[in-house]
Amino acid sequence: MTTLILTVAGADRPGLVAAVADVVDAHGGNWENSSLAELAGTFAGVIEVSVAADRATELEQALHALEGLLTVAVHTGSDDVASDDRLLGIQVLGNDRPGIVREISGVLNAHALSIEELATETRDAAMAGGRLFEASVTAKVPASVDLETLQADLERLASEIQVDITVD
């Protein structure tokens, strides 16, 4: 089996997921994992599909036939997974301002962490007014990383940019 990673984007409307699922199924593929969302009127997502190696090209060509409905990019997945990496959860909450994701990802990168998953949201602050920024990060932590130093750097950053950062 071959793993394909599909990135899809297009103007949001009913039937987009069904259109991709129909093509995947018609070409012997199996929908494994996905993260899909509507953002500012645009449907976007990433989908992991497994398919027999001899049908991967055929599936890719069929997915490109969805152009006009969705823009689809197909990438071949990798089986390279480090078994000694740990997962670390990080939550961020504070007043919204430009640069929060850049600052957080910069600290994680400086410690050689790889972001496995990142979800962000801005919303109106109920009592205080203004906008709140919230992020949930799952990061791969190599065994060589000093967690105390990472925690100290995240605490220092939280103080500098005035957000709450919680590490699980």
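Let's start with histidine 27, which is buried at a relative accessible area of 17%. By buried I mean under 20% relative accessible area, with exposed being over 50% and partly exposed in between, using a 1.4 Å probe and protein chains only. This is a predicted model, so to be clear on the rules: local features need pLDDT of at least 70, side-chain atom pairs count only at pLDDT 80 or more, and totals for chains, interfaces and linings use all residues. Residues are numbered from 1 along each chain as its sequence is written, and side-chain values use heavy atoms, with hydrogens and water left out.

Back to our histidine. Histidine 27 sits in the loop between helix H1 (16-26) and strand E2 (30-39); helices (H or I, at least four residues) and strands (E, at least two) are DSSP runs, numbered from the N terminus. What does histidine 27 contact, leaving aside neighbours within four places in sequence? The partners are Val51, Arg55, Glu58, Leu59 and Ala62, where contact means heavy atoms within 4.5 Å.

Now, salt bridges. The structure holds 6 of them, each defined as a side-chain nitrogen of Lys or Arg within 4 Å of a carboxyl oxygen of Asp or Glu. One of them joins glutamate 134 to arginine 123, with the closest N and O atoms 2.5 Å apart. Glutamate 134 lies in strand E7 (residues 131-141) and arginine 123 in strand E6 (residues 114-124), so this pair ties together parts that are 11 residues apart in sequence. Glutamate 134 is partly exposed at 32%, and arginine 123 is partly exposed at 30%.

Arginine 131 also forms a salt bridge, with aspartate 124, at 2.9 Å between the closest N and O atoms. Here arginine 131 is partly exposed at 37%, whereas aspartate 124 is exposed at 56%.

Next, please look at helix H4 (residues 147-161), where aspartate 153 and arginine 156 are 3 residues apart, about one helical turn. Their side chains meet in a salt bridge at 2.2 Å, N to O. Arginine 156 is partly exposed, with 47% relative accessibility.

Finally, the surface. Which residues form a nonpolar patch there? They are Val101, Ile115 and Leu118, with about 220 Å² of accessible area together. Valine 101 belongs to helix H3 (residues 100-110) and is partly exposed at 38% relative accessibility. Patch members have over 30% relative accessible area and no salt bridge; like charges are joined within 9 Å, and nonpolar side chains (Val, Leu, Ile, Met, Phe, Trp, Tyr) within 5 Å. The areas come from the Shrake-Rupley method with a 1.4 Å probe, and for residues only the protein chains shown count as cover.
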